[in-house]
Amino acid sequence: MPRSSLTAEVREAVETDVAAIARICSTSYRDAYRDLLPEGYIERSVVAFYSEPRIARDVAPSPPEWFGYQVVEEDGRLLGAAGGGMSGPASGELSLIYLDSAERGRGLGTLLLERVTGQIRAAGGTEMWVSVFLGDRAGIGFYRARGFEPIETVRATLSRTDDHISALRMRRFLP
Ligand SMILES: CC(C)(COP(=O)(O)OP(=O)(O)OC[C@H]1O[C@@H](n2cnc3c(N)ncnc32)[C@H](O)[C@@H]1OP(=O)(O)O)[C@@H](O)C(=O)NCCC(=O)NCCS
């Protein structure tokens with residue numbers, strides 16, 4: 001039986017978390033999309049978003065557009081990271097959420113999602129958006145289970161005209 005998330009804690013990331021966040025996001029990204037996306041696109045994205053220098057630049061908040069990296073920790077081990085911000089006066093965006101692959105399915109993703117949701121709500125957000133790769137059944141399943149609905153298909157960030165990678169925009173209203 002998977003362990004519960006009861007002993008895990010979500011907190012704002014600090015500078016000393018940078019290496020662990022980079023490792024978790026890069027590994028989880030490669031793992032999640034290996035069978036879905038071309039290798040070149042995966043590596044381009046990992047370098048652009050999840051290299052240590054990039055995470056070091058992004059770790060601190062810059063509100064309201066970016067609330068800073070949030071991390072989930074248990075027994076002194078960092079197990080996942082997430083982040084989001086406001087994209088409009090009443091709209092928030094979950095920009096990323098990644099867990100250590102061995103720690104999926106025990107509620108840690110939900111803890112991180114609720115953390116970012118709380119930040120968006122506190123900033124006046126009444127709706128929340130997320131982009132997920134078209135065909136990412138696990139990601140879409142997770143967001144559907146938490147009340148997001150598919151709205152439209154767009155070209156994925158960093159996708160070039162030669163690779164045609166699409167993302168699904170999903171939205172949920174915040175009560
Ligand atoms: C997606 C991810 C963040 C979910 O976190 P998690 O801790 O595994 O998910 P939780 O245990 O909190 O599950 C929450 C709900 O989502 C559902 N869910 C989780 N993974 C799912 C999957 N692969 N397929 C369908 N539903 C899924 C669960 O059934 C659960 O719903 P329930 O409580 O109603 O049963 C995590 O699995 C992950 O890091 N995946 C790789 C990266 C990724 O896909 N990121 C998101 C895309 S941007």
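How many helices and strands does the secondary structure of the chain comprise? The chain contains 5 helices and 7 strands, where helices (H or I, at least four residues) and strands (E, at least two) are DSSP runs numbered from the N terminus. The model is predicted: local features need pLDDT of at least 70, side-chain atom pairs count only at pLDDT 80 or more, and totals for chains, interfaces and linings use all residues. Residues are numbered from 1 along each chain as its sequence is written, and side-chain values use heavy atoms, with hydrogens and water left out.

Read from the N terminus, the elements follow the order β-α-α-α-β-β-β-α-β-α-β-β. The radius of gyration of the chain, taken over C-alpha atoms, is 15 Å, close to the 16 Å that the globule rule gives for 175 residues, so the chain is as compact as a globular protein of that length. That rule is 2.2 Å times the number of residues to the power 0.38. Along the principal axes, the C-alpha atoms fill a box of roughly 45 × 35 × 35 Å. Of the 175 residues, 47% count as buried; buried means under 20% relative accessible area, exposed over 50%, and partly exposed in between (1.4 Å probe, protein chains only). Contact means heavy atoms within 4.5 Å, and among contacts between residues at least 6 apart in sequence, 62% join residues at least 24 apart.

Two strands pair if DSSP finds at least two bridges between them. Strand β3 (residues 77-86) runs antiparallel to β4 and is joined to it by 7 bridges, with Gly-80 standing opposite Leu-99 in β4. A hairpin of 4 residues leads from β3 to β4. Strand β5 (residues 127-133) runs parallel to β4, and 4 bridges join the two; here Leu-94 stands opposite Val-130 in β5. Between β4 and β5 the chain passes through helix α4 (residues 108-122), and this β-α-β crossover is right-handed: with the strands pointing away from the viewer, the path from the first strand over the helix to the second runs clockwise.

Helix α4 also holds Ile-120. Its relative accessibility is 0%, so Ile-120 counts as buried. Leaving aside residues up to four places away in sequence, Ile-120 touches several others, including Gly-92, Glu-93, Glu-127 and Met-128. By contrast, Ile-120 and Thr-153 are 33 residues apart in sequence and 23 Å apart in space, C-alpha to C-alpha.

Aromatic rings form a further theme. Rings of Phe, Tyr and Trp (its six-membered ring) pair if their centres lie within 6.5 Å; planes under 30 degrees apart count as stacked, over 60 as edge-to-face and the rest as tilted. The whole structure has 11 aromatic pairs. In one of them, the rings of Tyr-29 and Tyr-33 have centres 4.7 Å apart and planes at 80 degrees, so the pair is edge-to-face. Both residues lie in helix α1 (residues 18-33), 4 residues apart, about one turn of the helix. Tyr-29 counts as buried at 4% relative accessibility, and Tyr-33 does at 7%. Tyr-143 and Phe-148 also form an edge-to-face pair, at 5.4 Å centre to centre and 70 degrees between the planes, and both are buried. Ring pairs link Tyr-29, Tyr-33, Tyr-41, Phe-49, Tyr-50, Tyr-98 and Phe-133 into a cluster.
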